[in-house]
Amino acid sequence: MTDPASPDRQTEARAALAEAMALHEAGDLEGAEAGYRSVLAQNYRPADVLPLLAGLLGRLSRPEDALVAWDQLLAIDPDHAVALHEQGLTLHWLGRTAEAIAMLERACAVDPDNAVKIGNLAVVLADAGRSLEALRHFRRALALQPDSLHLRHQVRRLGSASVPFWHIPMMNDVPRNDAFEAAIKAAIDVAGPDARVLDIGAGSGLLSLMAARAGARQVVACEMEPMIAEMAERIVARNGYAERITVHARPSTELAVGAELDRPAEILVSEILSSDLLTEKVLDTFEDAHRRLLAPDAIVIPRAASAMGCLVASDNLADYAFVGDVSGFDLSAFTDFAPQRLPIHGTMTAWERLSDDLELVRLDLTRKKHDATLARLPITVTKSGRAIGIVQWMHIDLWPGVTFDNHPDRYSDGGWLQVLHSFPKPIDVTAGETIDIAVGHDRITLILLPLGDQRG
């Protein structure tokens, strides 16, 4: 009986491997697979042959078979870095994300300075929604390969994907910033530097930094988006206020007195107002803070916010809010699906006023509880036209004598937009007449709808 380890059998196996590799190189993948399996059946150099077979099976779009080959290799060498890495990528291909992450983490532990492995782990983490972990791994990979355009792109892509587009223009909004800082300084002058400051929705940490610069000795900030919270921590440290400002990567509803706050806060600063005031659960957040996190006589900045607006006509905006005859067909029923709110930007979109400016809804943010409201508001028409809705903006009361608004006539370069609240259908109006509008809110959105006979 011939010994499998005899020189003759080794020579035969070596020749079979060479032939299989030649077929692989020539693109004959099926033939190469048969050759590799023949070599493995002879137990010749399996640690070298299995990676070739697994890679080939991947090219043949047979991921389950490739997994079997990688498993066989890992049974021989549990710390085989390539096998761990490729196994992880194959599991990700199959949608087995949790297993893929575990395998890629093992690969990175075995080969900790491999930028490719770290970068691929980051990709899978990002796909799993674990953006902050992914960003940290991309940064680590980039530190190992600082010239990698791919990694630089991934760091930028992941960061920008987690941050709303309006964040940077809002930070560059000088009138807004000056108004908030004036209010914060006035509050600390009244409450004193030992007053605890709570910053809800900290974003970049700007308002916390203003409070610390104004003299506050302890600021607790929270930001529910982990990636933004981590950036706020870096910004706070870079500006030298890490000892006075603590940033928590969680919503304010997860903070507690006795844990993140050593006592109820005497000053609340928050800029979570959306362009239509309420979208970011403003009332829920402020009510929870009043109930659990603030001293009874705490200073609240801003202390009030109003939705301002006017009746408008616009052929341009009407095309975004209504549909009628299209290509000879009546599609008007589809208007039922039209957005109730359309963001617009100052005078960059053509529209004209059909009424004076009016206060539509006012929120007193110092109140402990807010109920949904609905009231009748008569609007006097100042110009005849086809009213398509109400353009709405904000007016914010920060401190006695300190206010800010994004009035469309004088505000076009900040983070807040104006909003068109479209009517269910256009209304023809005549100068001098009055139309009644239902105004209010359901705690999470503004309600602005015409009442009575709607003439279209």
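At 39% relative accessibility, R106 counts as partly exposed, a class lying between buried (under 20% relative accessible area) and exposed (over 50%), with a 1.4 Å probe and protein chains only. This is a predicted model, in which local features need pLDDT of at least 70, side-chain atom pairs count only at pLDDT 80 or more, and totals for chains, interfaces and linings use all residues. Residues are numbered from 1 along each chain as its sequence is written, and side-chain values use heavy atoms, leaving out hydrogens and water.

R106 belongs to helix α6 (residues 97-110); helices are DSSP runs of H or I with at least four residues, and strands are runs of E with at least two, numbered from the N terminus.

| Helix pair | Axes come within | Crossing angle |
|---|---|---|
| α5 (residues 81-93) and α7 (residues 115-127) | 11 Å | roughly 25 degrees |
| α8 (residues 131-144) and α9 (residues 149-161) | 9 Å | roughly 155 degrees |

Axes are lines fitted to C-alpha atoms, for helices over the stretch in contact, and angles run from 0 to 180 degrees between N-to-C directions. The angle makes α5 roughly parallel to α7, whereas α8 and α9 are roughly antiparallel; the cut-offs are under 35 degrees for roughly parallel and over 145 for roughly antiparallel.

F334 lies in the loop between β8 (329-330) and β9 (341-344). At 57% relative accessibility, F334 counts as exposed.

Methods: Angles under 35 degrees count as roughly parallel, over 145 as roughly antiparallel, 65 to 115 as roughly perpendicular and the rest as oblique.
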